[in-house]
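Here is a short briefing on one protein model. Look over the structure first, then read on.

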Amino acid sequence: MLTEAGIFVGGGGEGYGAPQELLLKYGNRHGLVAGATGTGKTVTLQILAEGFSAAGVPVFLADVKSDLAGLAVAGSAEAKLHDAFMKRCATIGYELTYQAFPVAFWDLFGEQGHPIRTTVTEMGPLLLSRLMDLSEAQEGVLNIAFRLADQEGLPLLDLKDLQAMLVWIGQNAAEIGLRYGNVASATVGAIQRQLLVLENQGGTRLFGEPALDLADMMRLAPDGRGQVNILAADKLMASPRLYATFLLWLLSELFEELPEVGDPDKPKFVFFFDEAHLLFDDAPKALVDKVEQVARLIRSKGVGVFFITQNPADVPDDILGQLGNRVQHALRAFTAKDQKDLARAAQNYRPNPAFDTETAIKEVGTGEAVTSFLQNKGVPGIVERTLVRPPASQLGPITPEERRAVIAATGLGYKYDQTIDRDSAFERLQARAEAAAQAAAEAEAAEERLAADERARKESRRYEGRSRRGSSRSDSIATAFGKSLARQLGTKTGQAIVRGILGSLFKSR
C-alpha cells in the first residue's frame, strides 16, 4: 500500500511486475482518474484514499453510490473476491493486509453522517449565483445584497437572512438605486423564486450554523493515519448543481484558509472531486476561471486535487494541463465523438514504445488502467498498462449499524448535530420593522391625543361664553329687584309688606 517513496497503485510493465507508485512529494500536483462506467474508477479512488490515509494525509471524497463507505471496515478473507484478490496480489508482487481506516461520515441532510453546513456569507455571491443559475442582472442585485448586508451590519447566515435582505432591498429600491443602479422589483422577485427552488432541493440544510470547521476534517487518528472524510452523496446527486457548488465551495475554503507551505514532503490534505463533469457543465467563464485559479495556486497550500470523471474531455484544457498524476481506465469509442475524445485522451500521455496508448485505453479490462505518475523533478512518467491493486478495506457498502457506530465514534456529534440560530439579518431586520411599526403607532396615538385636546379646548371656549352671558342677565334682574324694593321701603305700603314677611318668619319658628 505504502512504500518509502509513495503510494503503491499497482503493477505495470511486462507481466505487471514493475511497481507503479504515486510519489507523495508530488501528491499536491493534482491528478485525474477517468474511465467509462464499470471500469474500476471507484476501486482506484478507494486505494488512493487508503494510501494517503496510511501516509498520514487526511482526505475528502464524495460517496456517490455508497460504495466507498467500506473504507470504515476491514476487508475479509470470507469475501467472495478474496481469492481473486490474492491471485492479483501474487501477480503484481503485493502483500495484502486487510484493515479499516479512520473514517468520518458527513451528510448535507444530516441523515447518514454529521451535518455539514456553511453560511450564506461564506458561500459568496459568485457561487450562489451559479447554484441558482442567475442571470447577469440578478447576480448584480445579489452582489448589492451582500454589500449592503456588510455595510448595515446584517450577518447573512441562512437562507431566511438572504430572503429578508432581498425584501428590505425591494422596499428601499428607490434610495438604493441612486447609489448602486436600478434595482427592479421583478429582479428581486426572480431571485426569491430561485431561493424557493433551492429550498425545495434541500439547500436550507446547507446554510446555517454551526458552520464546518476545516480542522475537523484534517484530523489524524491516534496511530498517525489521516482521517478519511466521506460525504454521503447518493441523495445529494438528485440536485447536481447543489452537489457541484458545495464541493467547489469546500475547495475554495481550503484555498482561502490554509497557510502557504511551499513544497512539502507530502500533502496536507487531498480532495477527490467525483463526477467532476457536473462542475463544468454550462458553467460561466467566471466560475471556470475561479476553478483554474484554485487548482493552480492551491498546491502551494499543500492540497492535492483529484478529478474523477468518465472522460478527460469533461475537464477544461487549462485545468487538465495541471493534473500531473493520471489513472485512465477504459474508454468506449462507439461514435465519432467518442473516437475523437479517445485520441485526445491518448495524446495527454508520454508515449511508451512498447504499445500504442490509444489502443491500450480501449483494451484495458476492469481493474486495469493506463497510468502515468510524476517522477523525479516533476517529469511525467512514461505511460504504463497497470493492474490496480485490491483494496485493504471492504469493497462495497456497509450496514446501517456499522455506519451509526462509526458516526458515534468520531466525537463530532456534540458540535454539529444541533442547529444554532443566532441573531442575524432576519432577526435584525424584523426588529427594525417592529420598531418602525411601534414608532408609527406611537406617533399616530400622539396625533390623536393632540386632536382630542384641541377639540376639548374648543368645546370649553363655547361653554364658557354661554356661562358668561347667563350670569349678566341674572345680575341685571337682581339689581332691578333690589332697586324696586328700596323704592317701596320709602312708602307706607312697602313698610307694611316687609313687616308682614318678618312676622311670618318669626311665627314659623
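The model is predicted: local features need pLDDT of at least 70, side-chain atom pairs count only at pLDDT 80 or more, and totals for chains, interfaces and linings use all residues. Numbering starts from 1 along each chain as its sequence is written, and side-chain values use heavy atoms, without hydrogens or water.

**Residue D158**
- D158 sits in the loop between α4 (136-151) and α5 (159-171). Helices (H or I, at least four residues) and strands (E, at least two) are DSSP runs, numbered from the N terminus.
- D158 counts as buried because its relative accessibility is 12%. Buried means under 20% relative accessible area, exposed over 50%, partly exposed in between (1.4 Å probe, protein chains only).
- Beyond its neighbours within four places in sequence, D158 is in contact with V120, F207, G208 and D421. Contact means heavy atoms within 4.5 Å.

**The sheet**
- Twelve strands make an open sheet with mixed pairing, in the order β2-β1-β12-β11-β10-β3-β9-β8-β4-β7-β5-β6.
- The edge strands, β2 (18-23) and β6 (114-115), each pair on one side only. Two strands pair if DSSP finds at least two bridges between them.
- β11 (residues 368-372) pairs with β12 (residues 384-388) in the antiparallel sense, over four bridges.
- In β12, T386 stands opposite A369.
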